[in-house]
Amino acid sequence: MFFVIFSILIYFLPALIGRHKADAGAIFIVNLLFGWTVIGWFIALIWACAAERYVHVPVYAVPVSSGRFCSQCGTLSPYGAHFCAACGRAV
Ligand SMILES: [Zn+2]
């Protein structure tokens, strides 16, 4: 019985590793349908271990003289302000 459970866990190891990825459903399908061919299992495993795609995060340049960002909420407070206008924390 232990061997059966252990074998199922090994078979679905790629799906378990990639369960939090964006392609988790596709990894599971490849693992389920093509895992019995050893090549399909390795493809699913490599896919599950591969890094996530690069997500572009926009970066905006803000002049330093225009103000300061609150370390609590990230709101830009005007230059010379001592407290954040959004959360009230000292900046
Ligand atoms: Zn704030």
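## Zinc site

In sequence, the donor residues of the zinc ion follow the spacing C-x2-C-x10-C-x2-C, donors being N, O and S atoms within 2.8 Å of the metal (3.2 Å for Na, K and Ca), with water not among the atoms, so that sites may look incomplete. This is a predicted model, in which local features need pLDDT of at least 70 and side-chain atom pairs count only at pLDDT 80 or more, while totals for chains, interfaces and linings use all residues. Residues are numbered from 1 along each chain as its sequence is written, and side-chain values use heavy atoms, with hydrogens and water left out.

The SG atoms of Cys70, Cys73, Cys84 and Cys87 coordinate the zinc ion at 2.3 Å. The arrangement is tetrahedral because the four donor atoms subtend angles of 103 to 118 degrees around the zinc ion, where four donors count as tetrahedral if all angles lie between 85 and 135 degrees. Cys73 is partly exposed at a relative accessible area of 39%, as is Cys87 at 37%; buried means under 20% relative accessible area, exposed over 50% and partly exposed in between (1.4 Å probe, protein chains only).

## Helix H4 and its packing

Helix H4, residues 38-49, has twelve residues and spans 17 Å from its first C-alpha to its last, close to the expected 16 Å, a figure given by 1.5 Å times one less than the number of residues. Helices (H or I, at least four residues) and strands (E, at least two) are DSSP runs, numbered from the N terminus.

The buried residues of H4 are Gly40, Trp41, Ala44, Leu45 and Ala48. They cover an arc of only 140 degrees around the axis, which puts them on the same side of H4, the arc being that of the directions from the helix axis to the C-beta atoms. These buried residues pack against helices H1 (2-11), H2 (13-17) and H3 (24-34), whereas the face turned away from them carries the exposed residues Val38, Ile39, Ile46 and Cys49.

## Asn31 in helix H3

Asn31 lies in helix H3 and counts as buried at 0% relative accessibility. Apart from neighbours within four places in sequence, Asn31 has contacts (heavy atoms within 4.5 Å) that include Tyr11, Phe12, Trp41 and Ala44.

## An aromatic cluster

Ring pairs link Tyr11, Phe12 and Phe28 into a cluster; rings of Phe, Tyr and Trp (its six-membered ring) pair if their centres lie within 6.5 Å, and planes under 30 degrees apart count as stacked, over 60 as edge-to-face and the rest as tilted. Phe12 is partly exposed at 21%, and Phe28 is partly exposed at 37%.

Note on methods: Tetrahedral: all angles 85-135°; square planar, octahedral: opposite > 155°, others 65-115°.
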